[in-house]
Amino acid sequence: MTALITRDELKTAIDAGTVTVLDTLGGEYYAKQHLPGAIELVLADLEAQAPDLLPDRDAAIVTYCSNPACPNSGQVADRLTALGYTNVRKYREGIQDWAEAGLPTESA
């Protein structure tokens with residue numbers, strides 16, 4: 001099971017520039033609203049895009065999707081781990097929690 005990260009821990013890491021954040025919703029959801037600096041990466045595109053988007057397999061990576069009911073972030077995190085990424089965590093609460101806390105988001 002993928003380790004979790006809290007909203008506060010994630011905000012600190014984003015502010016410090018020490019994490020790569022992956023939006024696992026993609027498409028129109030990503031275009032409408034995503035966490036600051038997040039990269040769109042959905043499960044279907046992961047194996048083709050991960051080597052270019054995430055060349056450092058030891059870098060800090062956090063996946064998220066909409067909320068705890070959404071399976072995407074866990075699926076992408078599990079697949080990254082299976083591909084040899086060593087520092088992957090999941091923000092289980094997702095963008096719904098982030099936005100409800102009044103934290104900034106971006107749109108494409």
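**View 1. The largest nonpolar core and its most connected members.** Of the 14 residues in this core, Leu10, Val21, Leu35 and Tyr91 touch the most other members; a nonpolar core is here a set of buried Ala, Val, Leu, Ile, Met, Phe, Trp, Tyr and Cys residues joined through side-chain atoms within 4.5 Å, and buried means under 20% relative accessible area, exposed over 50% and partly exposed in between (1.4 Å probe, protein chains only). Two or more residues come from each of helix H1 (7-16), E4 and helix H5 (94-100), and H1 gives the most, with three residues; helices (H or I, at least four residues) and strands (E, at least two) are DSSP runs numbered from the N terminus. The model is predicted, so that local features need pLDDT of at least 70 and side-chain atom pairs count only at pLDDT 80 or more, whereas totals for chains, interfaces and linings use all residues. Residues are numbered from 1 along each chain as its sequence is written, and side-chain values use heavy atoms, with hydrogens and water left out.

**View 2. The surroundings of Tyr91.** Leaving aside neighbours within four places in sequence, Tyr91 is in contact (heavy atoms within 4.5 Å) with Ile5, Thr6, Arg7, Leu10, Leu35, Val62, Thr63, Tyr64, Asp97 and Trp98. A second, separate core of eleven residues includes Ala50, Ile61, Val76 and Leu80.

View 3. Five strands are arranged in the order E1-E5-E4-E2-E3 with parallel pairing, where two strands pair if DSSP finds at least two bridges between them. Strand E1 (3-4) and strand E3 (39-40) stand at the edges with a single partner strand each, so one side of each is left without a neighbour in the sheet. Strand E2 (residues 20-23) pairs with E3 in the parallel sense over two bridges, and Asp23 stands opposite Glu40 in E3.

**View 4. The salt bridge between Arg7 and Asp97.** These side chains meet at 2.9 Å, N to O, a salt bridge being a side-chain nitrogen of Lys or Arg within 4 Å of a carboxyl oxygen of Asp or Glu. The pair links distant parts of the chain, with Arg7 in helix H1 and Asp97 in helix H5, 90 residues apart. Arg7 is partly exposed at 30% relative accessibility, whereas Asp97 is buried, with a relative accessible area of 17%.

**View 5. The salt bridge between Arg79 and Glu47.** The closest N and O atoms of this pair are 2.7 Å apart. Arg79 lies in helix H4 and Glu47 in helix H3 (residues 43-53), so the bridge ties together parts that are 32 residues apart in sequence.
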